[in-house]
Amino acid sequence: MAEISLKNLTVDFAGFKAVDDVSLTVKDGEFVVYLGPSGCGKTTTLRCIAGLVNATSGDVLFDGKRVNELSASERNIAMVFQFVSLYPHLKIRENIVFPLKARGVPRAEIARKLDWVTDVFKLGDELDRYPSALPPGARQKVALARAVIRDPAVLLLDEPLSAIDEQFREEMRWELGHLQRQLGVTTIYVTHDQREAMSLADRIVLMNNSRIVQISEPDRIFFDPVDIFAGQFIGSPSMNLIDLVPVSGGLRLGDSDVTLTVDHHDLPEWALSSRKPLKLGVRPLNVHLVDGPQGGGSIPVDDVFSVGRERFFTFTVGDNVYQGVDKRTNRSGTEGRVSFDPAGLLFFDAATGRRVDGGAAE
Ligand SMILES: Nc1ncnc2c1ncn2[C@@H]1O[C@H](COP(=O)(O)OP(=O)(O)O)[C@@H](O)[C@H]1O
Ligand SMILES: [Mg+2]
């Protein structure tokens, strides 16, 4: 096991920076998830840690020691990809112990370690079967067992669940999180799926355009995004983003006739005197339905539909349609207006996208 550090890591492919000045420390035993849209540099970062891609500048450190010059096989890492390749002509048990046999590990130790991973991964019934007899989820579990059987310093997982059917993916995700905690192995997991990141990570490293946007615990990144990109990439349905127009005594929501004011505790005092054009971010779960008729100074609700106890609805400001989710129960009667939870309002600089109301941005 190891602590992994990246110091100003840059990977340049013929003038294109796939990784641009990335710094991060992953603690011993930690489960870190690299999250970001396709092409943002996640796989390249992982391959750099593995020793499969050279850093153009910057350092990769394992337990404080620079490993840039070490080959992949000298780094004691294990990597699992989206598409698993097991040896089709070998039984599961032979597949799992393959890395140990290849290293000439004594038989007794191989047997002991096989018992251990079989127990952890609950693969007892599969050992004498062939890969083709297993569903994809179970095959991915075998790949993980094979990866950890030689006690790697770090486990690197690149979208390991994305080729698995939706119904098994959820189960595998849960199991994977459980296993990692049991094994205590430092793990870096790459995904473009924010739900996967939110449910697995001790900390999320959010990337965009080859750079780190935010490093935070899942809850924090959800409630306290550093910028509009972070706010909108995380959360489903997505965070609403509404233009704020300065008017006397407050900030008007886009082209509506609704104004946020300090009196109603929904507008921080500083925002009144802000010289910058601002945008308001508000998550659907912080938009509530309010009974009563539609009238002046209120945002009307367009459509409402219920799924179980949740009520999803849309509302319009100017030409834009936004979403809300109301989880409060026992509401009935006419639902005509929306209201925002003051604690859930996020303010962004319209020009730079950065948070300007404190929180993570400070
Ligand atoms: N060997 C390479 N040569 C040139 N460009 C590359 C190479 N590998 C990756 N890239 C580019 O670097 C960018 C980041 O790729 P990647 O790290 O695979 O992103 P992600 O895993 O986040 O989808 C992409 O634009 C990709 O086309
Ligand atoms: Mg990738």
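Helix H5 (residues 166-183) has 18 residues and, at 1.5 Å a residue, should span 26 Å; its end C-alpha atoms are 25 Å apart, which agrees. The expected span is 1.5 Å times one less than the number of residues. Helices (H or I, at least four residues) and strands (E, at least two) are DSSP runs numbered from the N terminus. The model is predicted: local features need pLDDT of at least 70 and side-chain atom pairs pLDDT 80 or more, whereas totals for chains, interfaces and linings use all residues. Residues are numbered from 1 along each chain as its sequence is written, chains are lettered from A and ligands numbered from 1 in the order written.

A residue is buried if 20 or more other C-beta atoms, placed from the backbone, lie within 10 Å of its own, exposed if 12 or fewer, and partly exposed in between.

| Side of H5 | Residues |
|---|---|
| Buried | Met-172, Leu-176, Leu-179, Gln-180, Leu-183 |
| Exposed, turned away from the buried side | Gln-167, Glu-171, Trp-174, His-178, Gln-182 |

The buried residues of H5 fall within an arc of 95° seen down its axis, so they line one face of the helix; the arc is that of the directions from the helix axis to the C-beta atoms. Just after H5, Gly-184 takes a positive phi of about 70°.
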